[in-house]
Amino acid sequence: MKPFHYQRADRLEHVAQLISASGAMAIAGGTNLIDLMKLQVETPDTIIDVNRLPLDQIAEEGDGLRIGALATNTATAGHGKVRSDYPILAKAILAGATQQLRNKATTAGNLCQRTRCYYFTNIDQPCNKRDPGSGCGAITGIARLHAILGTSDQCIATYPGDMAVAMAALDAKVEIKDRAGNTRSIAVRDFHRLPNDAPEKDNILEPGDIITGVILPAPVPGKQLYRKVRERSSYAFALCSVAAIIDMDEGKITRADLAFGGIAHKPWFDARLGELLVGETPSLSLFDKAADLLLEDAHGFGENDFKIPLTRRALAATLCEATGVDA
């Protein structure tokens, strides 16, 4: 690990100043950053400890719920309001990592975690995300965990998290404060970027930006499900995951909010799926049409070709469970 300077910040304004400097990075739980520093993937000159900031509260805000940026995954998944009104979020968090990691991992850190692509985490391999212009080794190499949607000729890595997938289905908002002290909010659905020609940029944060919290909207009716398909049932990243909020009335679908993990560079949300499903009587043929729409631009890279039919089956199984249709 490269030597670095360590500083603690006790005010947001102080953090904004410090992390605006070249070579400075913020740290909270450190469950992703420390690993990347050990691998020499991240080599910050200065680490800014933000754990003294008063951003760990989970509290009602209007009709919804505000989750502080420093609230741990354990605190969020175990919170009474989350479990009763946003169970999809609790299920997604509990499907990711281990209890020890969830005890340290934070809301903001989870949103900002980086890909687990083999080429990104190995500094001896080409990776445009780590070293822009060096190439993407995964395109012609080991691509089993990689994306089938939203890829580019620069990068086919996936976003590895579970929490943000559930938040995308819930239409949560990320609250961000910039170095000038201005606050803005952006939908979780728009927070992460597709790789395009700048894969080194994971999200829309600018230098000096600080995530202060996530706002969940008012609870909505319906079943909330999180299905995670992975290579083993213990700690593993998703090959494909489906977050679904489905409501029914008189035999027809009245709400369908769906987000997907493990298949793109960001949590994948396609509003057309809800438009297709709402107002319809659930059936296997309808779910097949939804999968056709979702996967119309899907593209595999050899090793991960299986993800296309896997995603189709995961979507159908989730919708069958939510609507009571026999698979």
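Predicted model: local features only at pLDDT ≥ 70, side-chain atom pairs only at ≥ 80, totals over all residues.
User: Where does Arg-313 lie?

Analyst: In helix H12, residues 307–323. Helices here are DSSP runs of H or I with at least four residues; strands are runs of E with at least two; both are numbered from the N terminus.

User: What makes Tyr-235 and Phe-237 an edge-to-face pair?

Analyst: Rings of Phe, Tyr and Trp (its six-membered ring) pair if their centres lie within 6.5 Å; planes under 30 degrees apart count as stacked, over 60 as edge-to-face and the rest as tilted. Here the centres are 6.1 Å apart and the planes make 65 degrees. Therefore the two rings pair, edge-to-face. A search of the whole structure finds 1 aromatic pair.

User: Why do Tyr-235 and Phe-237 count as partly exposed?

Analyst: Tyr-235 has a relative accessible area of 33%. Phe-237 is at 27%.

User: How do you know that the charged end of Arg-189 sits over the ring of Phe-269?

Analyst: The rule asks for NZ of Lys or CZ of Arg within 6 Å of the ring centre and within 35 degrees of the ring normal. The charged end of Arg-189 is 3.6 Å from the centre of the Phe-269 ring. The pair is listed as sitting over the ring.

User: Why do strands E6 and E8 count as paired?

Analyst: Two strands pair if DSSP finds at least two bridges between them. E6 (residues 173–177) and E8 (residues 210–216) have 5 bridges, in the antiparallel sense. So they pair. Ile-176 stands opposite Ile-211 in E8.

User: What makes the largest nonpolar core a core?

Analyst: A nonpolar core is a set of buried Ala, Val, Leu, Ile, Met, Phe, Trp, Tyr and Cys residues joined through side-chain atoms within 4.5 Å. The largest has 49 residues. Ile-211 is among those with the most contacts inside it. Helix H8 (residues 163–170) gives the largest share, 8 residues.

Definitions and conventions
Residues numbered from 1 in each chain as written. Heavy atoms only, no water. Buried < 20%, exposed > 50% of the residue type's maximum accessible area, 1.4 Å probe, protein only.
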